[in-house]
Amino acid sequence: MASIPRHPPTGIKVIVVGAGFAGLAAAIECDRKGHSVTLLEKVDDIAEITRIGDIISFDPNGSKAFERWPGVIEAMEAIARQTKWLDLYHHEGKFVTRQSFAHENAWGRRINGHRGQLHNIIYQHAKARGIDIRLSKRVEDYFETDDPPQAGVVVNGERIVADLVIAAEGVRSRGRKIVLGFDENPKSSGYAVYRAWFPSDQVAKNPIISHLVIHGDTHQGFIGPDIHFLASSIKNGSEINWVFTHIDDGNIEESWQFPGKPEEALKYLEGWCPVVRELVKSTPDGRLIDHKLVYRDPLPTFISPKARIALIGDSAHPFLPTSIQGASQSIEDGVVLATCLELSGKANIPQALQAYEKIRYERVHRAQAMGPKTRERWHKADWTKVWNNPEMIHLVREPWLLNFDAEKDAYNRFDDVVAALKSSPSKPRL
Ligand SMILES: Cc1cc2nc3c(=O)[nH]c(=O)nc-3n(C[C@H](O)[C@H](O)[C@H](O)COP(=O)(O)OP(=O)(O)OC[C@H]3O[C@@H](n4cnc5c(N)ncnc54)[C@H](O)[C@@H]3O)c2cc1C
C-alpha cells in the first residue's frame, strides 16, 4: 500500500507462524523493515481468535511499536480504558490507596482494552499493508538446512521454505521441539483466572456496584489472602470486566480455557465485600471464563541449532498476568528481531537471530520475574504495615522496563552485541 512507509527491500524472506499479538507484530515489523513476509495461521476465520479474551494491557514499551504503524494507536485509544489510576481496596471493602499512572505519560501510551478488539485492529493493519496472510494453515513441523541455507515449515505435508522462520504459536508452540531438541508440554502453574467481560447495563441498575460504571471508566483492585480481584469499566462505563486468580487443580490437558460459573467463583470470595460479590453475581450467563495459567521453565535458548528458527512471544516466554508485560514483551520481540535482520542483512541470518536472542534474553526474563513479585506483594500483604504505608501495595512500575524503546535500543546495541557474540567461545555459529 503506497501510503504506508516501508524501508527498501532487503531480499530476506520470512515465514511467521501464528497470528497472535507476537506473530502479527513480527510480521508488521518485518514488512516495515523491507523483509518479505508470509504469515501462517491455523484458524479458518480470524474471528475465532479476535472474539476471544477480555482485558489485555500494553505498557509504553509495547505500545511504542503501535505508534509507528499508521492509524493503529489512534484506533486503539478510541476503544481503550480512559483511566490513569488504580484504586486499591482491602478485600473487605475499605479503600487503601490510589496509584496514579499520570507521570507515565512522558514514557508513552498505556493501552488497556478488549484483547479481541485490539487484536483485530492490528490484524486489519497487517492486511492493509498487503502482508501475505494465509489462514487455515496449521504448521505441523519445522526444519532447517545447511545446503541451501534456509528454514521452513510443513503444512498439510507440503514444505514451505524461507531464509528464516519465526515461531509465534503461543504456549503450545511446536517450534520448541527443534529449538530445544525435545518435546516439552506446558505445566499447570497451579493457578487459574476467572475472567469476565460484559455490557454494564445491569451493573448500572444495581446501587451496590453502579458507581463502577455510571461516572465513566474506573479501575480498581481488591486485595485479599492469596487472591487479588481486578475490575475495570471501559468505553465510558458501558462495558465492564473483572478478573481474579485462584488456586486450581491443574488439569490443562485438553484446554486451558473453560466456561466458568459465577456461583463457583463466589466460593473463593467468602467474606469479600459486597461490591466484589455483587459484580460476580451480575455476570451474564456464558460470559465467565476459567482460564488456566500454564507455566514453563525459562528456556535455555530462543533459537534453533542452525539459528534459522526463532521463538517469540508466549512460545518463548509465557508470562503470569501480574507482570502485565506478556503482550508488551511479545511486541518487543518482533521489533528487535526485524531490526537485527535489517542490520545483519540476507547473508547473515544466523547472526541476526543470535543478536535477537542476546538482546532479548536477559530483559525478558527480568520482566517475567515482575509477575511473582507483584503477586506476593498482594497475596501475602502484611496489613498492619500496609495501613501505615499504603504505597507498599502499588504495582511495581520501573522505568527500565516501561520507559523503553526496543527499536532504538536494538539499533544502539547491535554492533556491540555482534562483537560480543563473535568473541564468545560458547557461540560457534557466527
Ligand atoms: C484463547 C486465548 C485467550 C487469551 N486471553 C487473554 C486475555 O484476555 N488477556 C490477556 O492478557 N492475555 C490473554 N491471552 C494471552 C495473550 O494473548 C498472550 O499472552 C500474548 O498476547 C502473547 O501472544 P502470542 O502471540 O505469543 O500467543 P497467542 O496469543 O497464544 O497466539 C498464538 C497464535 O498462533 C496460532 N497457532 C498456534 N499453533 C499454530 C500452528 N501449529 N500453526 C499455525 N498457527 C498456530 C494460534 O491460533 C494463535 O493465533 C490469551 C491467549 C489465548 C490463546
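**Reading strands, helices and one threonine**

Modeller: Let's start with a pair of strands: β1 (residues 13-17) and β2 (residues 36-40) run parallel and are joined by five bridges. Keep in mind that this is a predicted model.

Biologist: Which residue in β2 stands opposite V16?

Modeller: Look for L39, which stands opposite V16.

Biologist: In what order do the strands of the open sheet come?

Modeller: Read across the five strands and you get β7-β2-β1-β11-β18, with parallel pairing.

Biologist: Which strands stand at the edges?

Modeller: Those are β7 (132-134) and β18 (309-311). Each has a single partner strand, so one side of each is left without a neighbour in the sheet. On average, neighbouring strands of this sheet are turned by 20° against each other, direction ignored.

Biologist: Which strands does helix α1 lie across?

Modeller: Helix α1 (residues 21-32) lies across β1, β2 and β11 (164-167), and runs at about 165° to β2.

Biologist: Now to helix pairs. How should I describe two packed helices?

Modeller: Two packed helices are described by the angle between their axes and the distance between the axes. Now try helix α11 (residues 349-368) and helix α12 (residues 370-379): their axes come within 4 Å and cross at roughly 15°. That makes α11 roughly parallel to α12, because angles under 35 degrees count as roughly parallel.

Biologist: Which residues meet there?

Modeller: From α11 come R366, A367 and Q368, and they meet M370, G371 and P372 in α12. Sorted by class, the contact of α11 with α12 has three nonpolar, two polar and one charged residues.

Biologist: Let's zoom in on T218. Is it buried or exposed?

Modeller: T218 has a relative accessible area of 12%, and buried means under 20%, so T218 is buried. You will find T218 in strand β13 (residues 218-224).

Biologist: What does the side chain of T218 make a polar contact with?

Modeller: One partner is the side chain of Q220, at 3.3 Å. Leaving aside neighbours within four places in sequence, T218 is in contact with R81, T83, H211, L212, A231, S232 and S233.

Biologist: And which residues of helix α9 are buried?

Modeller: In α9 (residues 274-281), the buried residues are V275, V276, E278, L279 and V280. Their cover includes β13, the strand that holds T218, along with β12 (187-199), α7 (201-205), β14 (227-234), β15 (239-247) and α8 (262-267).

Conventions:
Residues numbered from 1 in each chain as written. Predicted model: local features only at pLDDT ≥ 70, side-chain atom pairs only at ≥ 80, totals over all residues. Heavy atoms only, no water. Helix = DSSP H or I, 4+ residues; strand = E, 2+ residues; numbered from the N terminus. Buried < 20%, exposed > 50% of the residue type's maximum accessible area, 1.4 Å probe, protein only. Polar contact = N/O pair within 3.5 Å; in protein donor to acceptor, adjacent residues only side chain to side chain. Contact = heavy atoms within 4.5 Å. Axes fitted to C-alpha atoms, helices over the stretch in contact; angles between N-to-C directions. Parallel < 35°, antiparallel > 145°, perpendicular 65-115°, else oblique. Nonpolar A, V, L, I, M, F, W, Y, C, P; charged D, E, K, R; others polar. Pairing = 2+ DSSP bridges.
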